Amino acid sequence: CRVYNYDPLTPLKNVRANCYGKYLALRGTVVRVSNIKPLCTQLAFVCATCGDVQSVPLPDGKYTLPTKCLVPECRGRSFTADRSSPLTTTVDWQSVKVQELMSDDQREAGRIPRTIECELVQDLVDSCVPGDMVTITGIVKVSSTEEGEIHHLK
């Protein structure tokens with residue numbers, strides 16, 4: 001399902017630590033779109049001892065190994081990822097950068113407009129191009145990079 005006309009719209013300057021994990025809507029202009037990439041949401045692992053296959057959810061595509069084999073007689077602890085398994089699932093993923101909208105009376109001399117990275121998945125991928133004015137709704141999360149923390153809307 002999709003949420004439309006969600007109020008209130010949050011100005012980009014108000015997206016701060018107290019917004020993490022919260023659902024919000026913001027409006028802006030798309031300034032950059034990434035290439036479309038596959039995002040693995042479930043990954044199958046094969047037990048090296050007995051060959052049993054288990055599927056592990058990968059929140060935000062973060063890779064986590066199973067801790068032990070689910071077969072009671074085995075309990076093996078060595079696994080190999082099987083990307084071609086029917087239990088492995090991927091979705092289309094794309095990152096877009098959205099820049100705040102500012103009216104003439106809001107402009108501060110010499111200040112670069114704020115931006116936020118937004119993650120699009122499945123049917124929302126390839127739904128906008130640079131220059132489009134969009135309203136985005138999603139949950140705010142934080143990613144760590146070499147430069148520090150970056151706010152994302154997922």
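**Salt bridges and ring contacts in a predicted model**

Biologist: With which residue does E100 form a salt bridge?
Modeller: A salt bridge is a side-chain nitrogen of Lys or Arg within 4 Å of a carboxyl oxygen of Asp or Glu. In this predicted model, the closest N and O atoms are 3.4 Å apart, and the partner of E100 is R114.

Biologist: How many residues apart are E100 and R114?
Modeller: E100 belongs to strand β5, and R114 to the loop between β5 and β6. Strands (E, at least two residues) and helices (H or I, at least four) are DSSP runs, numbered from the N terminus. The pair links distant parts of the chain, and the separation is 14 residues.

Biologist: What do the numbering and the values rest on?
Modeller: Residues are numbered from 1 along each chain as its sequence is written, and side-chain values use heavy atoms, without hydrogens or water. The model is predicted, so local features need pLDDT of at least 70, while totals for chains, interfaces and linings use all residues, and side-chain atom pairs count only at pLDDT 80 or more.

Biologist: Is E100 buried or exposed?
Modeller: Buried means under 20% relative accessible area, exposed over 50%, and partly exposed in between (1.4 Å probe, protein chains only). E100 has 11% relative accessibility, so this residue counts as buried.

Biologist: How many residues apart in sequence are E117 and R32?
Modeller: E117 forms a salt bridge with R32, with closest N and O atoms 2.6 Å apart. E117 lies in strand β6 and R32 in strand β1, so the bridge ties together parts whose separation in sequence is 85 residues.

Biologist: Which residue makes a side-chain polar contact with S95?
Modeller: S95 is in strand β5 and is buried at 9% relative accessibility. A polar contact is a pair of N or O atoms within 3.5 Å; within protein, one must be able to donate a hydrogen and the other to accept it, and residues adjacent in sequence count only if both atoms are side-chain atoms. At 2.6 Å, the side-chain partner of S95 is E117.

Biologist: What is the geometry of the pair Y6 and Y23?
Modeller: A search of the whole structure finds 1 aromatic pair. Rings of Phe, Tyr and Trp (its six-membered ring) pair if their centres lie within 6.5 Å; planes under 30 degrees apart count as stacked, over 60 as edge-to-face and the rest as tilted. The centres of Y6 and Y23 are 5.0 Å apart and the planes are at 90°, so the pair is edge-to-face.
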